[in-house]
Amino acid sequence: MNENFKKELEKIYIIQPITRENADNYRVLQEEAISLIESAGAAYAGTIHQNIREINPATFIGEGKLEELRRMLFDLEGITILFNGQLSPSQTLNISAALDDRKVIDRTTLILDIFAKNARSSEGKLQVELAQLKYIYPRLKGKGAALSRLGGGVGTRGPGETKLETDRRYIRGRLQYLENKLKETEKRRSLQTVRRQKDKVKTVALVGYTNTGKSTLMNLFTGADVYTKDELFATLDPTARKLEIEGVEFLLVDTVGFLQDLPHNLIEAFKSTLESAIHADLALIVCDAAGEYSMQLETTLSTLREMNFNSPYLTVMNKCDKISDPSILPANGVAISAKNGTGIESLKREILKCFSTEFLFCELFVPYEKIPQYAKIKTLITERKSEFCDDGQKIDAVVPTIYANRFKEFIVRRKSI
Ligand SMILES: Nc1nc2c(ncn2[C@@H]2O[C@H](COP(=O)(O)OP(=O)(O)OP(=O)(O)O)[C@@H](O)[C@H]2O)c(=O)[nH]1
Ligand SMILES: [Mg+2]
């Protein structure tokens with residue numbers, strides 16, 4: 001990287017609170033904060049740990065500690081402070097004031113910033129802008145000079161300086177506009193979902209913690225060209241592609257990833273894009289076998305349940321190429337590597353098994369005189385192989401159980417998956 005460019009990267013210093021609740025977990029949270037900083041395109045400058053026994057309502061950390069921090073940071077110029085937790089609007093302003101008016105952001109602001117950077121579709125952009133404005137709006141109560149410090153998170157992305165200089169009425173109007181616009185899009189999507197349900201195509205959703213390899217698996221499965229990267233929240237917009245397994249057609253949906261402590265308003269913002277995953281016939285919960293997979297699975301499930309998810313799911317332990325002994329992994333997960341393809345065939349089999357009551361794999365025989373009758377209904381099934389013999393046509397087919405009766409006279413033999 002060009003040295004001049006490097007110099008321009010915003011430097012971010014982390015304040016990592018250590019509380020009774022996060023005492024076992026704060027190191028993971030801190031590592032994640034570093035990844036978040038890098039994913040936002042900023043540079044990590046260091047971390048200060050702060051033991052917090054009692055939360056100070058005005059400044060979160062005690063005033064004495066803040067003064068200590070101010071002195072510690074005194075020589076560091078032009079750095080932004082990331083408080084690795086969620087701050088109320090007044091806490092943000094108070095901490096900033098106590099630290100010589102430094103720019104102070106919290107975890108939500110940083111995540112919103114990455115979302116703003118990564119949103120591609122017009123709907124994704126609207127959702128992120130809505131979430132950002134909702135987050136910024138109550139923080140506009142502060143003093144005028146502080147407003148631009150609170151905006152846009154890192155750099156000048158998102159509802160940045162110019163919007164923040166305008167008045168709250170403008171923001172209220174914009175919020176209304178965005179909400180209406182999004183409602184329209186949602187209506188259109190729910191129509192599409194209804195249509196899809198009518199088409200009887202089963203949906204399989206890739207969900208899970210961010211950076212676990214969902215999009216890599218999507219690409220491997222379907223030959224899609226979804227952007228994958230070793231950074232958090234690479235995917236924001238859902239992508240759907242056809243996936244065929246043994247003649248059975250599915251719709252595979254790739255979605256935005258989760259993170260522990262993902263702010264509630266963000267989950268709300270992305271609820272509609274996650275709709276396809278929530279109502280999927282099967283969810284593949286992708287975890288990083290070389291990472292904190294139990295926490296990842298727990299976070300994903302609790303976030304999904306908050307959104308009333310209750311579809312069946314399979315746990316997929318990805319990145320198995322990175323661990324030396326896959327036998328230590330929980331037995332109920334399917335171990336794979338989306339990178340080198342290991343375990344993909346067994347994952348496909350497991351997916352099919354989840355639908356074993358929905359489809360029959362069978363051999364059909366259609367005598368020549370019945371071929372016109374068969375021709376009228378054959379679009380209901382998938383022919384995997386077919387050959388003509390002396391007295392008729394032999395077909396290896398996948399028959400949706402709901403249509404099985406209509407093919408009864410042709411079914412010679414049922415096969416297992
Ligand atoms: N070693 C290894 N790396 C993998 C594997 N699968 C994915 N990766 C890498 O993990 C990183 C994240 O992959 P993505 O597919 O973007 O992950 P994601 O779950 O879609 O991430 P978000 O969209 O950010 O939530 C990329 O650098 C991938 O190359 C795997 O099986 N093994
Ligand atoms: Mg992705």
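F60 is buried, with a relative accessible area of 12% (buried means under 20%, with a 1.4 Å probe and protein chains only). The model is predicted: local features need pLDDT of at least 70 and side-chain atom pairs pLDDT 80 or more, while totals for chains, interfaces and linings use all residues. Residues are numbered from 1 along each chain, chains are lettered from A and ligands numbered from 1 as written, and side-chain values use heavy atoms without hydrogens or water.

F60 is found in the loop between β2 (43–51) and α3 (63–73); helices (H or I, at least four residues) and strands (E, at least two) are DSSP runs numbered from the N terminus. Its phi is near 65°, a positive value in a residue other than glycine. Most residues other than glycine have a negative phi. K319 also has a phi near 65° and is not glycine. K319 lies in the loop between β9 (313–318) and β10 (333–335), and at 18% relative accessibility it counts as buried.

## The shell around ligand 1

Ligand 1 is surrounded by 23 residues, and the closest are K214, T216, A234, T235 and D321 (near means a heavy atom within 4 Å). By type, the shell holds eleven polar, eight charged and four nonpolar residues; here Ala, Val, Leu, Ile, Met, Phe, Trp, Tyr, Cys and Pro are nonpolar, Asp, Glu, Lys and Arg are charged, and the others, Gly among them, are polar. Helix α10 (residues 214–222) gives the largest share of this shell, three residues.

The side chain of D321 places an N or O atom 2.7 Å from a nitrogen atom of ligand 1. A polar backbone atom of G213 is 2.9 Å from an oxygen atom of ligand 1, and a backbone N or O atom of T212 lies 3.2 Å from a ligand oxygen atom. Of the 650 Å² of accessible area that ligand 1 has on its own, the protein covers 91% (Shrake-Rupley method, 1.4 Å probe).

## The magnesium site

Ligand 2 is a magnesium ion, coordinated by S215 through OG and T235 through OG1, at 2.0 to 2.1 Å. Donors are N, O and S atoms within 2.8 Å of the metal (3.2 Å for Na, K and Ca), and the site may look incomplete because water is not among the atoms. The pair links distant parts of the chain, with S215 in helix α10 and T235, 20 residues apart from it, in the loop between α10 and β6 (239–245).

S215 counts as buried because its relative accessibility is 8%. T235 counts as buried at 10%.

## The largest nonpolar core

The largest nonpolar core has 52 residues, and F115, F233 and F270 have the most contacts inside it. Such a core joins buried Ala, Val, Leu, Ile, Met, Phe, Trp, Tyr and Cys residues through side-chain atoms within 4.5 Å. Elements giving two or more residues include the strands β1 (11–18), β5 (202–208) and β8 (282–288), and the helices α2 (26–39), α5 (107–118), α6 (122–136), α11 (264–278) and α12 (293–306). The most comes from α11, with seven residues.

T300 lies in helix α12 and is buried, with a relative accessible area of 0%. Its C-alpha atom is separated by 7.6 Å from that of I285, 15 residues apart along the chain.

T315 is placed in strand β9 and counts as buried at 7% relative accessibility. The C-alpha atoms of T315 and A331, 16 residues apart along the chain, are separated by 9.9 Å.

How values were computed
Polar contact = N/O pair within 3.5 Å; in protein donor to acceptor, adjacent residues only side chain to side chain. Buried < 20%, exposed > 50% of the residue type's maximum accessible area, 1.4 Å probe, protein only.
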